[in-house]
Amino acid sequence: MLFELSPVLRRAGRVIVFLTAAGLIAGCQVRPLYSTSSAVPQKLASIKISPADDRVEQVVRNRLIFLMTGGAGEAATADYQLQMNVTSARANILDDEISTALTPGRVTVTATYSLSSTKDSKVLKQGTRSVTALVDIGNQEFAKLRAYRDAEDRAGRELAEFIRADLASVLGR
């Protein structure tokens, strides 16, 4: 062999690797996000959400209020303020105008939000999240509008889940 370590060096190397791994693992924390024993649910319930500007934003806002308060509605006094702007974009996946069958499409709902403390107006979290829902678009105009609306509702509810998780992770620190 070209290079052979002495037993003392091998043992020292193992100890160093073990201590390094233990140090890395010690930095990890596993805490339940939805625990009722922590203060996170109470903090989430004390968030006031900005008024909605359109129907899709109202879907996201209503779902967020339900998720954060368990259906109790917005708190009368708020410790936190959530400013939120939601946009929706519709697009066809295929540009096939000749098709007489259903045309695949997608709806992307995007939210830009900012969570701040009402006491000192300090921004705790800013973020952008988006969700895409797929939709089959028919030839009838009402069916097309209803399909887009259903896709916006599905994407909006899922978007609210993501935003709630972001806010819970910030308030859990």
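Buried means under 20% relative accessible area, exposed means over 50%, and partly exposed lies in between, with a 1.4 Å probe and protein chains only as cover. By that rule Glu-152, at 7% relative accessibility, counts as buried.

The model described here is predicted: local features need pLDDT of at least 70, side-chain atom pairs count only at pLDDT 80 or more, and totals for chains, interfaces and linings use all residues. Residues are numbered from 1 along each chain as its sequence is written, and side-chain values use heavy atoms, with hydrogens and water left out.

**The sheet**

Helices (H or I, at least four residues) and strands (E, at least two) are DSSP runs, numbered from the N terminus. Two strands are taken to pair if DSSP finds at least two bridges between them. In general, the strands of a sheet pair through backbone hydrogen bonds, either parallel or antiparallel.

In this model, four strands form an open sheet with mixed pairing, in the order E1-E2-E3-E4. Strand E1 (47-49) and strand E4 (123-137) stand at the edges with a single partner strand each, so one side of each is left without a neighbour in the sheet. From one strand to the next, the twist averages 25°; axes are lines fitted to C-alpha atoms, for helices over the stretch in contact, and angles run from 0 to 180 degrees between N-to-C directions.

Strand E2 (residues 80-92) runs antiparallel to strand E3 (residues 103-117), and 13 bridges join the two. Leu-82 has Leu-115 in E3 as its bridge partner, and Ser-88 stands opposite Val-109 in E3. E3 and E4 also pair in the antiparallel sense, over 14 bridges. There, the bridge partner of Thr-108 is Thr-132 in E4. The hairpin of E3 and E4 has five residues between the strands, and Ser-121 in this hairpin takes a positive phi near 60°.

Gln-126 lies in strand E4 and is exposed, with a relative accessible area of 57%. Contact means heavy atoms within 4.5 Å. Not counting residues up to four places away in sequence, Gln-126 touches Tyr-113 and Ser-114. Gln-126 and Leu-82 are 44 residues apart in sequence, and their C-alpha atoms are 9.6 Å apart in space.

**Helices across the sheet**

Helix H3 (residues 55-69) lies across E1, E2 and E3, and runs at about 135° to E2. Helix H4 (residues 141-171) lies across E1, E2, E3 and E4, and runs at about 155° to E4.

**Salt bridges**

A salt bridge is a side-chain nitrogen of Lys or Arg within 4 Å of a carboxyl oxygen of Asp or Glu. The structure holds eight of these salt bridges, among them the following.

| Pair | N to O distance |
|---|---|
| Arg-55 and Glu-152 | 2.6 Å |
| Arg-55 and Asp-153 | 2.6 Å |
| Arg-129 and Asp-166 | 2.8 Å |

In the salt bridge between Arg-55 and Glu-152, the closest N and O atoms are 2.6 Å apart. Arg-55 lies in helix H3 and Glu-152 in helix H4, so this pair ties together parts that are 97 residues apart in sequence. The side chains of Arg-55 and Asp-153 also meet in a salt bridge. Asp-153 is in helix H4 while Arg-55 is in helix H3, so this pair ties together parts that are 98 residues apart in sequence. Arg-55 is partly exposed, at a relative accessible area of 30%, whereas Asp-153 is buried, at 16%. Arg-55, Arg-90, Glu-152 and Asp-153 are linked in a network of salt bridges.

A further salt bridge brings together the side chains of Arg-129 and Asp-166. This pair links distant parts of the chain, with Arg-129 in strand E4 and Asp-166 in helix H4, 37 residues apart. Arg-129 is partly exposed, with a relative accessible area of 31%, and Asp-166 is buried, with a relative accessible area of 10%.

**A nonpolar surface patch**

Val-15, Phe-18 and Leu-19 make a nonpolar surface patch of about 320 Å². Patches are made of residues with over 30% relative accessible area and no salt bridge; like charges are joined within 9 Å, and nonpolar side chains (Val, Leu, Ile, Met, Phe, Trp, Tyr) within 5 Å. Accessible areas come from the Shrake-Rupley method with a 1.4 Å probe, and for residues only the protein chains shown count as cover. Phe-18 has its place in helix H1 (residues 7-26) and is exposed, with a relative accessible area of 58%.
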